[in-house]
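Dear colleague,

Please find below the structure that I am handing over to you. My notes on what was found in it follow directly after.

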Amino acid sequence: MKPFANEPVLELRRAPVRGRLEEALREHDAKPPLNVPVWIGEDRREGGELVSTDPGNPERVVATAAKATEADVDAALAAAQRGSKAWAATPARERAEILLRAAQWLRERRLEAAALAVRECAKPWPEADADVCEAIDFLEYYARGALDIAQGAPLLQVPGEKNTLEYSARGVVAVISPWNFPIAIPLGMVSAGLATGNAVVLKPAEQSPGCALLLFRALREAGVPPDAVSLLPGEGDAGAALVRDPRVHTIAFTGSGAVGLEIVREAAQVREGQKHLKRVIAEMGGKNCVIVDSDADLDEVVPALVTSAFLYAGQKCSAAARVLVHEAIHDGLLERLAGAVEVLDVGQAERLGIDVPPVIEREAQERVARFTAEAERTGRVAARAAEVPDGGWFATPAVVADLPPESAVLAEEVFGPLLAVERVRDVEEACDRVDASPYALTGGLFARNPDTVDYVVDRTPVGNLYVNRSITGAMVGRQPFGGNRLSGTGTKAGGPGYLLQFVEPRVVTENTMRHGLVV
Ligand SMILES: NC(=O)c1ccc[n+]([C@@H]2O[C@H](COP(=O)([O-])OP(=O)(O)OC[C@H]3O[C@@H](n4cnc5c(N)ncnc54)[C@H](O)[C@@H]3O)[C@@H](O)[C@H]2O)c1
């Protein structure tokens, strides 16, 4: 197997590549909406209870899906229980080869997949393409990682004793995923479970069942056995039913803090007949801060902040939400940021070259408006994007400032295109403010003095700190990703330790000083 390398993103500056994307979107639009079944083993139950629409044009139906019921959850877990033994017994190399075939399946359909993410989640083309590449990366990376895990781990040996440490699959993994990386995140969690020999039940986000079907087909068509992976499109109640069930060993969740905490609480209950503790891998929200010191180069800072805060309309868990600026350059930076935000090109995700697409749904649009109004009431709106189209779930990108320290705008995750700027005396005060937050997902620093960089690196609690660059766009294998504190269980997706969460270690110690021979 070749060493892991990231899947190269498309070169969108080339006209023929852009032409292929437009063609892929035309082909997508020419087809009827996807029909996403509850898919358990060989059984598919179709239904139209869930409807996913284009956030840029809510009249356009992208997929209709069956909605998983408690009975479906029960059937999926029964299948997973049946399937988990044979899948765990399949040699790790064979499992890895299947995952690599799934990567290839997706590679061959990458334009189709990106077009679907453009329509279903309003991901602009570069983001949609990066989502597909990241999904391929997860398959390739975890396939290799699982081979290492299958070797066990070396232990100290002394004469007369043989010690071995082996890892085995934990059993059944419930994957519960969000919509904002509708292909990469669910496929990442599912492939980690499968690579390590677990059976997996996937409950994708209700906003993106179409993307979930695509990644599910990649796995099934690549050869994952029917009982080793099931698909339960549905809402939160289906996720909650999975979490409660004693047949589940591991819950891999990515989503909001509120739901993550509920899952952690619920999974701690040991139900009748349950002979294990459930393990929760939770990747949750954040309130990501960027510190800007007085010596920072504003030519570098302003575009990096705009990218960090407004790319994909601020709907990345890594997006910048707060900027803590040294007082010496606060006014200058705010003025330049305001100028950049006023001219942001807010438009349909499919239009190449836009800066900010619509947000995922009406509720998100209303949430952004509510937080912006709150900022206007208690502080000020320094700038808003001048032109915002009607028709879709467009939120108005804004920069806000002069907020009181206790403002909800500075404390809660908005998950939209809203950036708050704060004045600080120095980097130390900025670090104090970051440290006061219960969230610790991503963070950023702009500073030229290496001592300042060392100081912030020492003090930061965040899972991913980016220095002198934008704070989004973690790459598998290069920036293992995940938050600390209330942002997550400290998991690092796409990193070396991630798969260990899906396995159970067993140590065997044998006395090799035998007396005599067995005859
Ligand atoms: N840390 C990370 O790596 C990361 C990555 C992406 C997104 N996120 C976070 O995800 C959030 C946005 O995603 P979202 O809106 O889909 O989040 P969400 O928490 O609303 O939903 C996530 C998933 O949980 C399910 N769910 C809802 N209620 C449930 C319950 N009671 N029990 C079990 N499952 C339940 C949903 O149906 C969905 O599949 C943001 O907070 C963002 O920061 C974090």
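Ala398 stands opposite Leu418 in strand E16. Please bear in mind from the outset that this is a predicted model.

That pair belongs to the contact between strands E15 and E16. Strand E16 covers residues 418-424, and E15 pairs with E16 in the parallel sense over four bridges. E15 is also joined to strand E14 (residues 380-384), again by four bridges, but here the two strands run antiparallel. Within this second pairing, Val381 has Val400 of E15 as its bridge partner.

Which residues of E15 point one way, and which the other? Strand E15 comprises residues 398-401; Ala398 and Val400 point one way, Val399 and Ala401 point the other way, and all are buried. In a regular strand, side chains alternate between the two faces of the sheet. Buried here means under 20% relative accessible area.

I turn next to the ligand. There are 29 residues around the ligand, and those that come nearest are Ser177, Lys203, Glu206, Ser256 and Glu413.

- Trp179 places a polar side-chain atom 3.1 Å from an oxygen atom of the ligand.
- Ala240 has a backbone N or O atom 3.4 Å from a nitrogen atom of the ligand.
- Met284 likewise has a backbone N or O atom at 2.8 Å from a nitrogen atom of the ligand.

How much of the ligand does the protein bury? Taken alone, the ligand exposes 850 Å², and the protein buries 89% of that. Two or more residues of the shell around the ligand come from each of helix H8 (236-244), strand E10 (250-254) and helix H9 (257-267).

Finally, a few words on the protein as a whole. The protein contains 15 helices and 21 strands. Its radius of gyration is 24 Å, close to the 24 Å that the globule rule gives for 519 residues, so the protein is as compact as a globular protein of that length. Along its principal axes, the C-alpha trace of the protein spans about 90 × 60 × 50 Å. Of the 519 residues, 57% count as buried.

With kind regards

Technical notes
Residues numbered from 1 in each chain as written. Predicted model: local features only at pLDDT ≥ 70, side-chain atom pairs only at ≥ 80, totals over all residues. Heavy atoms only, no water. Near = heavy atom within 4 Å. Polar contact = N/O pair within 3.5 Å; in protein donor to acceptor, adjacent residues only side chain to side chain. Areas by Shrake-Rupley, 256 points an atom, 1.4 Å probe, with all protein chains shown as cover. Buried < 20%, exposed > 50% of the residue type's maximum accessible area, 1.4 Å probe, protein only. Pairing = 2+ DSSP bridges. Rg over C-alpha atoms; globule rule 2.2 N^0.38 Å.
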